[in-house]
Amino acid sequence: MSVLDMRDVRKVYRNGGDEIVALDHATLQVDHGEIVALLGPSGSGKTTLLSIAGGLLAATAGSVVVNGTDITGHDSRALTRFRRDNVGFVFQSVNLVPFLDAEQNLLVVDELGGGKGGKAAKARARQLLDELGLGQRRRNLPAQLSGGERQRVAIGRALFNNPRLVLFDEPTSALDTKIGEQVMELIRTEMKARDTAAVIVTHDRRMTHFADRTVEIVDGRLVLDGTSPFGPRLLTEPHEPAAPVRRDEIDELLVVARFLLGPARGTRLIHDAHGLLASALPPLPRYEPADRGRVVGRRGRTPSAGG
Ligand SMILES: Nc1ncnc2c1ncn2[C@@H]1O[C@H](COP(=O)(O)OP(=O)(O)OP(=O)(O)O)[C@@H](O)[C@H]1O
Ligand SMILES: [Mg+2]
């Protein structure tokens, strides 16, 4: 039996009158303890796929079974509980609570589950931090840790509830190559030691040798649209950070917020944040049809989006 079984998943984002097909006929099975690298260009739907696999987002169509539970029809409350007990998430960078130290960042998981950060939870947090080579750093705030150490704390947090599946969204892209490889090595060791499956999104083909299998999101499954608040910049500069605020960092923060607050409050926050960002950021360049040709292998819009 697979720990993750996604079949024919489709995800359509609606932006005003436009539809953005982020995933279409996405099918992915991951076995127990298997490590899968998920590769694909910027905007190809990788984060969307992870979010659906982990119950952060609902699919528009298709089925998602995690650890034997069909979460396709779950309401947001059931999904929140399901995530807490079954899935771990590790995001690229902005993912620790800045005013909590390393150990407290792990204990957040216990508290979300209704625990009180008691003795057993503290012992587990310490043991995990020890295993991850952070025994001496447990009282450090995220700002007092290196990038690699922060990422290790995030891995500890993801493993805290002993999930059968951990989803990693570009866990190494903010790290230099050497530290990135160490983190990937650690991820592999920790997952294999626990017989826990992982899906690891990466842009970096060099990281795929840490996985048992590599899956690529093929082109043509999504459509970027000019009215998307994030689309244009990514379309024309797929791999460059878009100053002054990186969209993926904001997205991660919001996904974490959604995870911590639950979909209802999280979605409101995302909505507010997008409004705030729209007024705080310089306007994004409009997506001109001429730009589309620069994106290798990507198809046009959906018929309903026009253009
Ligand atoms: N909340 C949203 N509303 C509208 N469109 C969205 C939303 N989230 C993502 N998209 C669009 O869906 C498509 C897939 O986005 P996604 O974030 O899954 O891509 P990705 O492969 O993770 O990209 P990257 O490598 O840049 O992180 C993109 O066209 C993106 O602009
Ligand atoms: Mg992404």
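**Close-up views of the predicted model**

**View 1. Helix α1 lies across β1, β2 and β4 (61–66), and runs at about 120 degrees to β1.** The structure is a predicted model, in which local features need pLDDT of at least 70 and side-chain atom pairs count only at pLDDT 80 or more, whereas totals for chains, interfaces and linings use all residues. Residues are numbered from 1 along each chain as its sequence is written, while chains are lettered from A and ligands numbered from 1 in the order in which they are written. Helices (H or I, at least four residues) and strands (E, at least two) are DSSP runs, numbered from the N terminus. Axes are lines fitted to C-alpha atoms, for helices over the stretch in contact, and angles run from 0 to 180 degrees between N-to-C directions.

**View 2. The antiparallel sheet is open and has 4 strands in the order β2-β1-β4-β5.** Its edges are formed by β2 and β5 (69–70), each of which pairs on one side only; two strands pair if DSSP finds at least two bridges between them. Between strand β1 (residues 2–15) and β2 there are 10 bridges in the antiparallel sense, and Y13 stands opposite I20 in β2. Also in strand β2 (residues 18–31) is H25, which is not a glycine and yet has a positive phi of about 50 degrees. Most residues other than glycine have a negative phi. H25 counts as exposed, with 11 C-beta neighbours inside 10 Å; a residue is buried if 20 or more other C-beta atoms lie within 10 Å of its own, exposed if 12 or fewer, and partly exposed in between, with C-beta atoms placed from the backbone.

**View 3. A second open sheet, with parallel pairing, has 5 strands in the order β6-β7-β8-β3-β9.** Because β6 (87–90) and β9 (213–216) stand at the edges with a single partner strand each, one side of each is left without a neighbour in the sheet. From one strand to the next, the twist averages 20 degrees. β6 runs parallel to strand β7 (residues 165–169) and is joined to it by 4 bridges, with V166 of β7 as the bridge partner of G88.

View 4. In the loop between β7 and α6 lies E170, a residue other than glycine whose phi is positive, near 50 degrees. E170 is buried, with 23 other C-beta atoms within 10 Å.

**View 5. Helix α3 (residues 102–112) packs against helix α4 (residues 119–131) at an angle of about 125 degrees, with the axes 9 Å apart.** This makes α3 oblique to α4, where angles under 35 degrees count as roughly parallel, over 145 as roughly antiparallel, 65 to 115 as roughly perpendicular and the rest as oblique. α3 passes α4 in a right-handed crossing; a crossing is left-handed if the near helix is turned anticlockwise from the far one by less than a right angle, and right-handed if clockwise. In α3, residues A102, E103, L106, L107 and D110 meet A121, K122, A125, R126, L128 and L129 in α4, two residues being in contact if their C-beta atoms, placed from the backbone, lie within 7 Å.
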